[in-house]
Amino acid sequence: MNKEANKIAKHIIDISGIDVFDNSRKREYIEMRSLLTFMLRHHCDMKFKDIRDFYELNGKSYDHSTAIHSLKAF
């Protein structure tokens, strides 16, 4: 499952040119992170704590509540 998540993240980064793991609060970064969170939740069936762990493994501080908010905003 983590392999698929990495594949999706790389694809989003390649298409958008935005590194979703950067600590930026610019709208375009937030929107791409929301897209990634949506894909991880619905395509990879990851739990919110797994999504949090995935972001943190890639160097982005992220909380499960951030993932919930991101998904609602998407």
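My entries below go from the fold to the core.

**Ground rules.** I am working with a predicted model, where local features need pLDDT of at least 70, side-chain atom pairs count only at pLDDT 80 or more, and totals for chains, interfaces and linings use all residues. Residues are numbered from 1 along each chain as its sequence is written, and side-chain values use heavy atoms, with hydrogens and water left out.

**Fold.** I looked up the secondary structure and found four helices and zero strands, in the order α-α-α-α. Helices here are DSSP runs of H or I with at least four residues, strands are E runs of at least two, and both are numbered from the N terminus. The radius of gyration is 11 Å, close to the 11 Å that the globule rule gives for 74 residues, so the chain is as compact as a globular protein of that length. That radius is taken over C-alpha atoms, and the rule is 2.2 Å times the number of residues to the power 0.38.

**Burial.** I checked burial next: 34% of the 74 residues count as buried, meaning under 20% relative accessible area with a 1.4 Å probe, protein chains only.

**Core.** The largest nonpolar core has 17 residues, and Phe-21, Leu-36 and Tyr-55 are among those with the most contacts inside it. Such a core is a set of buried Ala, Val, Leu, Ile, Met, Phe, Trp, Tyr and Cys residues joined through side-chain atoms within 4.5 Å. Two or more residues each come from α1 (2-16), α2 (27-42), α3 (48-57) and α4 (64-73).

Notes. Buried < 20%, exposed > 50% of the residue type's maximum accessible area, 1.4 Å probe, protein only.
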